[in-house]
Amino acid sequence: MKPFMDKDFLLETETAKLLYHKYAEKMPILDYHCHINPQEIAEDKKFENITQVWLGGDHYKWRLMRSNGIKECYITGDASDYEKFQKWAETLQRAIGNPLYHWSHLELQRYFGYYGVLNGETAEEVWNFCNAKLRESNMSARSFICKSNVTLLCTTDDPVDDLKWHKILREDESFKVQVLPAWRPDLVIKIEKSGFAQYVKKLGDAAEIEIKTFTDLKKALVKRMEFFHEMGCLVSDHGLDYVMYAPVSEDDIETIFEKAILGQSISKKEEKQYKTVMMVFLGRQYCRLGWAMQLHYGVKRDNDVKRFLKLGADTGFDCINTYAPSTELVDFLNALSETDELPKTVIYSLNPNDNAAIGSIIGCFQDSSIAGKIQQGSAWWFNDHKKGMIEQMTSLANLGLLSNFIGMLTDSRSFLSYTRHEYFRRILCNLLGNWVENGEYPADEKVLGRIVEDIVYKNAVRYFNFSLEINL
């Protein structure tokens with residue numbers, strides 16, 4: 001029997017151990033998509049206790065606690081931080097097979113030096129041990145980032161954001177990690193939402209342009225993109241129901257936009273046409289700026305309406321959506337490719353059944369501008385567990401070039417989530433190691449080591465064109 005989560009955790013072969021310990025383990029982390037608040041980095045936030053750093057805003061853990069029948073007062077309610085931690089510990093001990101079990105213990109090991117097991121009986125011991133650690137001077141937001149060997153991270157930022165905290169961080173020479181904005185224009189795309197007209201007004205104010213027409217809207221967006229670009233932005237991100245394609249004339253799109261800002265209802269067809277035109281426009285701008293376009297889709301959000309209305313978005317009531325027509329994704333990419341304006345694109349579906357479709361689609365639009373120009377993104381959200389990562393990487397290897405993959409991201413609001421990169425790296429090395437030891441690939445350490453280093457770090461540096469040293 002192997003020891004619980006020791007140094008060779010998830011590494012089943014000697015080749016896997018070699019690749020992880022000699023190559024993957026030493027590489028820095030580049031987190032090109034997360035939801036960390038830049039203000040908390042700028043202010044070097046300290047946490048009073050482990051509940052604050054661990055359970056605050058973590059809907060992964062909240063869902064698991066609800067699945068264990070825990071009352072909401074111990075999850076998002078007014079129970080004490082200790083009571084919430086105790087209920088999480090009682091839930092965690094039942095989470096066999098869930099990645100949260102591994103992530104939680106990796107975080108306890110890497111950030112707190114606790115190598116025991118967290119459960120209902122040890123909760124008080126772990127609570128006291130970790131809280132004592134958190135009182136030390138080197139246990140703050142920036143310290144967690146630096147301890148994780150992060151060189152650069154991209155936050156998720158709305159076009160109206162003044163990027164105040166990014167400016168502060170850029171001018172702070174005491175903090176060497178690059179913190180860059182990433183453009184997330186979801187609210188300007190969701191024309192069907194009740195607050196759309198009000199958001200357009202905010203966007204106009206930010207761009208100092210009065211927006212009365214769709215043409216005005218495009219001008220305002222270009223101005224804000226130029227500002228983001230000056231602040232170092234090289235990445236965009238979109239949270240979509242699915243990638244739509246329903247082209248429409250310029251006159252018709254002006255009519256649709258006018259109806260929306262006047263508060264009039266629009267049809268499903270008009271919604272789809274607007275979103276198509278907007279996404280094509282933005283894609284062309286990303287190509288002009290040299291940005292990468294990330295497309296996240298395949299999610300149905302806010303499904304328990306009663307509790308969503310009480311707790312708000314991103315509180316654990318989302319699920320996988322099975323509707324994502326590959327024909328429309330292809331037509332969208334082709335519309336940009338036809339005019340040589342297809343940007344670097346990373347495609348993520350929350351539905352693992354889309355892996356093969358994405359793998360076949362990306363092969364249609366690769367070119368010589370950069371290796372792996374069109375990427376299948378890493379296993380995302382409900383898929384970033386052991387099986388999901390293996391399936392995503394195996395599918396990508398079967399249909400394309402896994403060696404050009406840009407690797408893992410945290411997609412998290414927690415400063416302790418960088419252990420997800422370690423989890424991914426161990427799974428990657430084990431996958432490659434198994435192929436080698438099964439005689440499916442030569443035991444060429446030099447080539448294999450380079451493949452590992454590229455996937456876990458260097459490919460992403462080159463792909464996004466970040467100003468980082470890759471000759472490590």
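Strand β1 (29-31) is joined by three bridges to strand β2 (residues 150-154), and the two run parallel. Strands here are DSSP runs of E of at least two residues, while helices are runs of H or I of at least four residues, both numbered from the N terminus; two strands pair if DSSP finds at least two bridges between them. This is a predicted model, in which local features need pLDDT of at least 70 and side-chain atom pairs count only at pLDDT 80 or more, whereas totals for chains, interfaces and linings use all residues. Residues are numbered from 1 along each chain as its sequence is written, and side-chain values use heavy atoms, with hydrogens and water left out.

Within β2, L152 is the bridge partner of L30. The strands belong to an open sheet of three, in the order β1-β2-β3, with parallel pairing. At its edges lie β1 and β3 (178-180), each of which pairs on one side only. Strands of a sheet pair through backbone hydrogen bonds, either parallel or antiparallel.

Not counting residues up to four places away in sequence, F466 touches L30, Y32, L152, C154, L180, L234, V235, A460 and V461, where contact means heavy atoms within 4.5 Å. F466 is also among the residues with the most contacts inside the largest nonpolar core, which has 157 residues; the others are I50, W54, L217, L221 and Y274. Such a core is a set of buried Ala, Val, Leu, Ile, Met, Phe, Trp, Tyr and Cys residues joined through side-chain atoms within 4.5 Å. Buried means under 20% relative accessible area, exposed over 50%, and partly exposed in between (1.4 Å probe, protein chains only). Helix α20 supplies the largest share of this core, ten residues.

With a relative accessible area of 0%, I455 is buried. Leaving aside neighbours within four places in sequence, I455 is in contact with L402, S403, F405, I406, G407, F424 and L428. Q392 counts as buried because its relative accessibility is 2%.

Helix α20 (445-464), together with α19 (419-437), is included in what covers the buried residues of α1. In helix α1 (residues 14-24), the buried residues are T15, A16, L19, Y20, Y23 and A24. Seen down the axis of α1, these residues fall within an arc of 125°, so they line one face of the helix; the arc is that of the directions from the helix axis to the C-beta atoms.
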